[in-house]
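Reader: I have a model open and would like to go through it with you. Can we start with the helices?

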Amino acid sequence: MSRKREQAEALARVDRPRPGHVDRCARPWRDLKDGGRAEEMRRGLDEKIQGVEERLAQKRARLGELELEIKNAP
């Protein structure tokens, strides 16, 4: 049970909200002038952001599972 609590605490730290963090990081790429490889770079960035969001959703789901297991433990 202590291992599950440690995992839950670690996942909770990862999930702390960082308002605007992704937007601040992505803004320079999204503001690229058209031409050259700008569109390709934007697509690549969007794919990476989507991947991060998917992994974060998986971690949130796992955190929910751990919290439920901890709550229901004898």
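Author: H3 has 34 residues and reaches 49 Å from its first C-alpha to its last. That is close to the 50 Å expected at 1.5 Å a residue, where the expected span is 1.5 Å times one less than the number of residues. This is a predicted model, in which local features need pLDDT of at least 70, side-chain atom pairs count only at pLDDT 80 or more, and totals for chains, interfaces and linings use all residues. Residues are numbered from 1 along each chain as its sequence is written, and side-chain values use heavy atoms, with hydrogens and water left out.

Reader: How many helices and strands does the chain have?

Author: The chain comes to 3 helices and 0 strands, and from the N terminus on the order is α-α-α. Helices (H or I, at least four residues) and strands (E, at least two) are DSSP runs, numbered from the N terminus.

Reader: What is the radius of gyration of the chain?

Author: The chain has 18 Å, while a compact globule of 74 residues would be near 11 Å. The radius is taken over C-alpha atoms, and the globule rule is 2.2 Å times the number of residues to the power 0.38. Along its principal axes the C-alpha trace spans about 60 × 20 × 15 Å.

Reader: What share of the residues count as buried?

Author: Of the 74 residues, 15% count as buried. Buried means under 20% relative accessible area, exposed over 50%, and partly exposed in between (1.4 Å probe, protein chains only).

Reader: Back to H3. Which of its residues are buried?

Author: They are Ala38, Arg42, Leu45, Ile49, Gly51, Leu63, Leu66 and Ile70. What covers them includes H1 and helix H2 (21-30).

Reader: Which residues make up the largest nonpolar core?

Author: Ala8, Leu11, Leu63, Leu66 and Ile70 make it up, 5 residues in all. H1 and H3 each supply at least two residues of this core, and H3 gives the most, with 3 residues. A nonpolar core is a set of buried Ala, Val, Leu, Ile, Met, Phe, Trp, Tyr and Cys residues joined through side-chain atoms within 4.5 Å.

Reader: What does Leu11 touch?

Author: Not counting residues up to four places away in sequence, Leu11 touches Lys59, Arg62, Leu63 and Leu66. Contact means heavy atoms within 4.5 Å.

Reader: Now charges. How many salt bridges does the structure hold?

Author: The structure holds 6 salt bridges, each a side-chain nitrogen of Lys or Arg within 4 Å of a carboxyl oxygen of Asp or Glu. One of them joins Glu69 and Lys4, with the closest N and O atoms 2.5 Å apart. Glu69 lies in helix H3 (residues 38-71) and Lys4 in helix H1 (residues 2-14), so the pair ties together parts that are 65 residues apart in sequence.

Reader: How exposed are Glu69 and Lys4?

Author: Glu69 is partly exposed, at 31% relative accessible area. Lys4 is partly exposed as well, at 30%.

Reader: And Arg62, which residue does it form a salt bridge with?

Author: Arg62 pairs with Glu65, the closest N and O atoms being 3.2 Å apart. Both lie in helix H3, 3 residues apart, about one turn of the helix. Salt bridges that share partners join Lys4, Arg62, Glu65 and Glu69 into one network. As background, an α-helix has 3.6 residues a turn, so residues three or four places apart point the same way.

Reader: What about Arg37, which side chain does it meet?

Author: The side chain of Arg37 meets that of Glu40 in a salt bridge, 3.4 Å from N to O. Arg37 is exposed, with a relative accessible area of 53%, whereas Glu40 is partly exposed at 42%.

Reader: Last one. Where is His21?

Author: His21 is in helix H2, and it is partly exposed, with a relative accessible area of 37%. His21 and Glu54 are 33 residues apart in sequence and 16 Å apart in space, C-alpha to C-alpha.
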